Structure formats: structure tokens, C-alpha cells
Amino acid sequence: APRAAAAAFPRTAFPARSFSVGIGAGNYNTPGFEPSVGTPVPAALGLQKARTWDEAVADGFKITPLSEVFKGKVALFVVPGAFTGVCELAHVPSFAKNVAAFKAKGVDRIVCISVDTPYAMNAWKNLMGKNAEGIEFYGDTSGEFATFMHKKKDLSAAALGTQERSNRYAAIIENGVIKVLNVEAAPSDLKVSTGDELLKLL
């Protein structure tokens, strides 16, 4: 079937969103605010689940709210970008190899997020094959989740575009509340946010 064209873009697919929608998190534009253990994520913010363009057109570019993404006990890891070296060769595989171990610790799902399109995340997931099995991929297309987490980074020097990306980190989020948060000193680092390191804290 022919690929859906630009006419498929509905204006309602890109609604204006407010940063005052946090449920229990307060206004996260407040100076000095930074999420930490015990902070609830704003349930009304959303992500784009990894899928093809045609699938996104078919569902009206549906946003998955964080209340759904972080329902239950979730092992989260956030990467600077799809198709990048450390992310693809080490970070994602460190979680894929531990899927069974996370399940044994009561984790319901493993989620990977990047400030990227859902189409890039889908293609990347498919390219990695078994090294990405058991992991759900989402695009933080607007960068709102990275903004809430106060993890935005200018990575244009690494040819990752002009939109700010996210620092690398991992977390355990249980029913929308941050229980564990391991943040790397720099996006290029992979020391405290691997699947192995997160497992030690469960």
C-alpha cells in the first residue's frame, strides 16, 4: 500500500501541552526543582511508542500517557540517541540479557526512552534484533520527559541535531513514583545505568 503522505498530519496530533500538569509533582518549572527518589512523574505527559509511520497514521499519532508507561514496576533506561555507539553496543544489550532477572525481581516491564521519533526507535529496535528483545521502546518526541527529569543536553557536537537530547540514566519507577535513580556523569558514560547495576538495587 502507498505510504501515507503529509496530508495525514492531523493538527490535533501535536497539541499544545502545559508543564503544570504534574500529578503530585507540582510545577516542575519551579527553580531548584529536580526529580529524585520519591518524586512522582507527571501522569498526563506522554511518549510515542516505537512503531512505523503507517502504524502511527492509523492510530492518529496516539500519545501513550506516562500513567500507562509507568504502570506497575518498571525498569527504565534513557539513552542519548538511537543508532549511537554506547547505546546500541552496550546499554541496550545490558538490559536485554537481564530480562529474566528483572522479571524475577518483580519488574513488569523494561522501557527504553530517547528524545527521538517513534519511527527511528522502531527501526533501531528492529535492527538490534535479539539484543533488544523484551524491551519496550518509546520516543520522547517533544523532549518533555527529558525536561521534567532535568536531563536535557546539547549534543549537537556529536551530530545529534539541534534539538536537545537527554543525559544517560536508569531508574526504577513503581506506579508512577521514582524508587531508584542512577544518573551518569556524562551522556558518553556507562557506569551506573547498566542493567547489571540497576539489578543490584532491587
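Contact here means heavy atoms within 4.5 Å. The model shown is predicted.

View 1. Gly139 is part of strand S5. Is this glycine buried or exposed? Gly139 counts as buried, because its relative accessibility is 0%. Setting aside residues up to four places away in sequence, Gly139 touches Leu47, Gln48, Ser114, Asp116 and Met121. Between Gly139 and Gly81 lie 58 residues of sequence separation, yet their C-alpha atoms are 9.7 Å apart in space.

**View 2. The largest nonpolar core.** This core has 25 residues. Phe77, Trp124, Ile135 and Phe137 touch the most other members. At least two residues each come from strands S3 (73-78), S4 (109-114), S5 (135-139) and S8 (169-174). Helices H3 (85-96), H4 (99-104), H5 (118-128) and H7 (195-199) also supply at least two each. H3 gives the most, with four residues.

**View 3. Ile135 and a second core.** Beyond its neighbours within four places in sequence, Ile135 is in contact with Phe77, Val92, Phe95, Ala96, Ile110, Val111 and Cys112. A separate second core holds 20 residues, including Leu47, Leu76, Tyr138 and Ile178.

**View 4. Helix H3 against helix H5.** The two helices pack at an angle of about 70 degrees, and their axes are 12 Å apart. H3 is therefore roughly perpendicular to H5. From H3, the contact uses Cys87, Glu88 and Val92. From H5, Trp124, Leu127 and Met128 take part. Of the residues in this contact, five are nonpolar, none polar and one charged.

Definitions and conventions
Residues are numbered from 1 along each chain as its sequence is written. This is a predicted model: local features need pLDDT of at least 70, side-chain atom pairs count only at pLDDT 80 or more; totals for chains, interfaces and linings use all residues. Side-chain values use heavy atoms; hydrogens and water are left out. A nonpolar core is a set of buried Ala, Val, Leu, Ile, Met, Phe, Trp, Tyr and Cys residues joined through side-chain atoms within 4.5 Å. Buried means under 20% relative accessible area, exposed over 50%, partly exposed in between (1.4 Å probe, protein chains only). Axes are lines fitted to C-alpha atoms, for helices over the stretch in contact, and angles run from 0 to 180 degrees between N-to-C directions. Angles under 35 degrees count as roughly parallel, over 145 as roughly antiparallel, 65 to 115 as roughly perpendicular and the rest as oblique. Ala, Val, Leu, Ile, Met, Phe, Trp, Tyr, Cys and Pro count as nonpolar, Asp, Glu, Lys and Arg as charged, and the others, Gly among them, as polar.
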